[in-house]
Amino acid sequence: MTKTKRNCRYVPLSKNPLVLVLCQVRFSPVRKMGDYIPGIQEAFRRHGFPIERAGKIQQLTITPAGVDIVEQDRWEYRTKDEQWSVTVFQDSVVLQTTAYERFEGFAEKLEAAVKTVLEESEQDKLGLIQRVGLRYIDLIRPGDGESFRDYLRPGFHGASDAPFTTGSHRLHVESVGRTNVGDTPGTMVLRVAQNDQGFDLPPDLIGGAPKFQSRAQPGELVTLVDMDHFIEGKFDPSAEWVTARAYVMHDHLIETFHEHVVSAKAIEVWQ
């Protein structure tokens, strides 16, 4: 396990708004990944992921000629409580959890998962890592007499409700910019979006999320804070390197969350 440590604050929240954390590591494709799955499955079983769910997904790719639909195999492994999952594709491995406590524990499982897939598929010798992305989803549910704006910095307040019919205004704000992830250029995307359909997660994450207790209720206006930080390029296939970069991305996300996304009042309420 890498000895990388956080260089950001740790603020425990008893009323944590966090719903889900995931990290995706994309690598050069292994078209015969299925041949390596028995060894990968056995390793994950020994790491505490005994539940296996195999199947196929459809991926949409937009090309100049139109939209291509490609079917891809997927193999998912979950812990006994189903609150942690690792999903393996031909070109990536994704770790997700709805039982996040501290990044140190998440990073340990991430390194073990990436190391397992790279070694068992021989990508540690033959492949390249092409993308590492870390994503956090928080759910804001204001109390009586409060507004979601009480919980967000002014830059994420959006337009006034005044021009819209009462109760119909829905916010969608996005900020994108470059970052430095150690010696690697990165990109961070900050999204704030609202719904009253009872969704605790963005639409693209609902279907594959680990088990969780839903908080949002249909008819209740909730605000999702979706923070995504990633790097792309051609990198050596090292699980330790992935973990080290994930720590840097994590630290930047946490400081951004506290200093530029949510308000001081929000932290007080959640503590």
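Helices (H or I, at least four residues) and strands (E, at least two) are DSSP runs here, numbered from the N terminus. The model is a predicted one, in which local features need pLDDT of at least 70 and side-chain atom pairs count only at pLDDT 80 or more, while totals for chains, interfaces and linings use all residues. Residues are numbered from 1 along each chain as its sequence is written, and side-chain values use heavy atoms, with hydrogens and water left out.

Most residues other than glycine have a negative phi, and most peptide bonds are trans. Glutamate 82 is not a glycine, yet its phi is positive, about 65°. The loop belongs to a hairpin: strand 3 and strand 4 form it with five residues between them, and glutamate 82 sits in the turn. The two strands run antiparallel and are joined by four bridges; strands count as paired if DSSP finds at least two bridges between them. Tyrosine 77, for instance, has valine 86 in strand 4 as its bridge partner.

Now follow the chain into strand 4 (residues 84-88). This strand is mostly covered, with five of its five residues buried, where buried means under 20% relative accessible area, exposed over 50% and partly exposed in between (1.4 Å probe, protein chains only). Trp84, Val86 and Val88 point one way, Ser85 and Thr87 point the other way, and all are buried.

Strand 4 also forms a hairpin with strand 5, this one with three residues between the strands. Their pairing is antiparallel and runs over five bridges. On its other pairing, strand 5 meets strand 1 (residues 18-27), again in the antiparallel sense, over six bridges. Glutamine 96 is a handy landmark in strand 5: serine 85 has it as bridge partner, and leucine 22 stands opposite it.

How many residues of strand 5 (residues 92-97) are buried? Six of its six are, and the strand is mostly covered. Both faces take part, with Ser92, Val94 and Gln96 on one side and Val93, Leu95 and Thr97 on the other.

Next comes helix 2. Its 18 residues (residues 103-120) should span 26 Å at 1.5 Å a residue, and the end C-alpha atoms are 25 Å apart, which agrees; the expected span is 1.5 Å times one less than the number of residues. The buried residues of helix 2 are Phe103, Phe106, Ala107, Leu110, Glu111, Ala113, Val114, Thr116, Val117 and Leu118.

Two packed helices are described by the angle between their axes and the distance between the axes. The axes are lines fitted to C-alpha atoms, for helices over the stretch in contact, and angles run from 0 to 180 degrees between N-to-C directions. Helix 2 and helix 5 (residues 239-261) have axes that come within 9 Å and cross at roughly 150°. The two are therefore roughly antiparallel to each other, given that angles under 35 degrees count as roughly parallel, over 145 as roughly antiparallel, 65 to 115 as roughly perpendicular and the rest as oblique. Contact means heavy atoms within 4.5 Å, and on that basis residues of helix 2 including Phe103, Leu110 and Leu118 meet a set in helix 5 that includes Ala239, Ala246 and His250.

Helix 1 (residues 33-46) packs against helix 2 as well, at an angle of about 140° and with the axes 9 Å apart. This pair is therefore oblique. Met33, Tyr36, Gly39, Ile40, Ala43 and Phe44 of helix 1 meet Ala113, Thr116, Val117 and Glu120 of helix 2.

Glutamate 122 is not a glycine either, and has a positive phi of about 65°. Is glutamate 122 buried or partly exposed? Its relative accessible area is 36%, so glutamate 122 is partly exposed.

One last stop is lysine 234, in strand 9 (residues 218-235). With a relative accessible area of 73%, lysine 234 is exposed. Not counting residues up to four places away in sequence, lysine 234 touches Leu128 and Ile129. Alanine 43 is 191 residues from lysine 234 along the chain, and the C-alpha atoms of the two are separated by 27 Å.
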